[in-house]
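Subject: Structure for your review: salt bridges

Dear colleague,

Please find the structure below.

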Amino acid sequence: MAISSGGEGKARRSPVTEDIRELIEKFALQNAVKYRSAPNHGAVMGKLMGERPDLRPRAREIAPLITSVLKDIEQMGPEQWEARLREIAPELIEEISARKEPAKGLQPLEGTEGGVVMRFAPNPNGPPTLGSARGIIINSEYVKMYGGKFILRFDDTDPVNKRPMIEAYDWYIEDCRWLGAEPHEIVAASQRVEKYYEVAEELIRRGGAYVCMCEQAAFKSLKDAAMPCPHRDHTVDENLDLWNKMLDGSFKEGEAVLRVKTDIKHKDPAIRDWAGFRIVTKSHPLVGDRYRVWPLLDFESAVEDHLLGVTHILRGKDLIDSERRQRYLYDHMGWVYPRVLHWGRVKIFQFGAFSTSKLRKAIEAGEYSGWDDPRLPTVRAVRRRGITAEALRKFMIDLGVGETDISISMDSIYAENRRIVDPIANRRFFVWDPVEIEIEGDVPEVAEAPLHPTIDRGMRKIRAGNRVLLCRDDANGLEAGSRIRLKDLCNIEIKEVSPLRAEFIDLSPETAKRLRLRIIHWAPVDGIPVRVLGPERIDSGIGENGISDELDRIVQFERYGFVRIDSVGEEVVAYFAHR
């Protein structure tokens, strides 16, 4: 949308508009760099109006322009934000640095005398995602800081909606260990249902719960009207009798629930007399048909936090209502509620919105090869790609705990991983979409190239000779008469491009430097077939034979990127990590 400098409404953008757009871009980038998340529209508008009060009467006109600029910036990542801001307004970078910024990493906790007990409590309906990794790492790290116990607890008492997967229990345990977060205790809530029954009976005796036999729609109408259920005033004995009938099968599924008493007049209907137990006849993958009355998550989680002695809970700020409901249960039972830290959501640009249940459906539909498909945001997938546990730990710890929703780019994780893997990754040649070139002259039968460009780990031998392979993209850019250097092999002059033919010049790297020759990599014609699976594409080609020695290691395919060698046979399969 063009903003005119006067009342004539010019179609083309005016100089004033360019000035305004530039200001918007500066303030938006400053906001993005400061908070490491996509810029906030309101914050940018406020900054602009503070800088240019004369624009306040035109705020409605300017709003769409801000939206347009923000849309472009949202396509970038944190490193690009900072680079662009340094380019157009380095003084705003200095302004951020001059302000007192929150410290990175994990901030001190209150109430840590004697250590802490913290838990990560997933629903095992799939393997850990990158979001799960944050919870696993931060909880376990606090336990390491203060001493105590880190508990992996499976909140798996919903066999209908959450559909626990039997394999996922082991996946979580395995990924916790890989992330350096070995649990001190592992608990499956579905195997402890009798404990919840005991608490439920005690709660009834204390007058804190009752059996409700209202139809769901009828109870919702009463709740929304802040009116009590007709069963709310049953005596303790009546409720105990009805509770036992829930357990012995007298009630069918959907005919009765146990409700926790709260304030029926509470301003938030979601808090009023919430359901603690319901009847579910579906078999559970871990315990089969052992139970027919199951606790809902708020009840199970609240009871387990008390039974396990949890001292501090890390919880998404979207779960504040859960805390409000659970506090009524704690008050009825005379328990002390744990300390709670709320944190905001983390959005990862490359993956967009995702949920484990949606990923599961997509896998079952054949859209992905499995939970470790390189396109997925699971720990198993990034691990298979060669992202290290050390990189994830460092990144998540630096991210810390804050209530602000943040958007991050995988580029930030890649940068951390690159720092770790670059010194240990051997270099190898891989040519994708290969084209053969024939070279006349004394080309060596074997080339020698360093395993690492700056760390002395010895040399690797690569079969060469008068016929080698180039990437098609490189080959398409060649012209007759052009000269190039084949990396770690020789200098050549192109004689024909169809078919591709060249003439040997010499072996000297000094010649290449003196003539400023373009350097490209190559692969032997009898090299090993290689297929690289990545989040955005699949590349097939030929690599040097030494790649077969790199099974389960991270290597760098020169001019391509870091990969992890996943399998070796007649074909090498590698998973792309990052550039």
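With which residue does Asp321 form a salt bridge? The partner is Arg324, and the closest N and O atoms of the pair are 3.1 Å apart. Please note that the model is a predicted one. Asp321 and Arg324 are 3 residues apart in helix 12 (residues 320-333), which means that about one helical turn separates them. Asp321 is partly exposed, at a relative accessible area of 24%, and Arg324 is also partly exposed, at 44%.

A further pair lies in helix 16 (residues 410-421), where Glu416 and Arg419 are 3 residues apart, about one turn of the helix. Glu416 forms a salt bridge with Arg419, with 2.6 Å between the closest N and O atoms. Glu416 is buried, with a relative accessible area of 15%, whereas Arg419 is partly exposed, with a relative accessible area of 48%. Salt bridges with shared partners also join Arg428, Arg460, Lys487, Asp488, Glu544, Glu550, Arg553 and Glu558 into one network.

Glu141 pairs with Arg393, and their closest N and O atoms are 2.1 Å apart. Because Glu141 lies in helix 6 (residues 130-146) and Arg393 in helix 15 (residues 389-399), this pair ties together parts that are 252 residues apart in sequence. Glu141 and Arg393 are both buried.

In total, the structure holds 59 salt bridges, among them the pairs Asp321 with Arg324, Glu416 with Arg419 and Glu141 with Arg393.

With kind regards

Methods: Residues numbered from 1 in each chain as written. Predicted model: local features only at pLDDT ≥ 70, side-chain atom pairs only at ≥ 80, totals over all residues. Heavy atoms only, no water. Salt bridge = Lys/Arg side-chain N within 4 Å of Asp/Glu carboxyl O. Helix = DSSP H or I, 4+ residues; strand = E, 2+ residues; numbered from the N terminus. Buried < 20%, exposed > 50% of the residue type's maximum accessible area, 1.4 Å probe, protein only.
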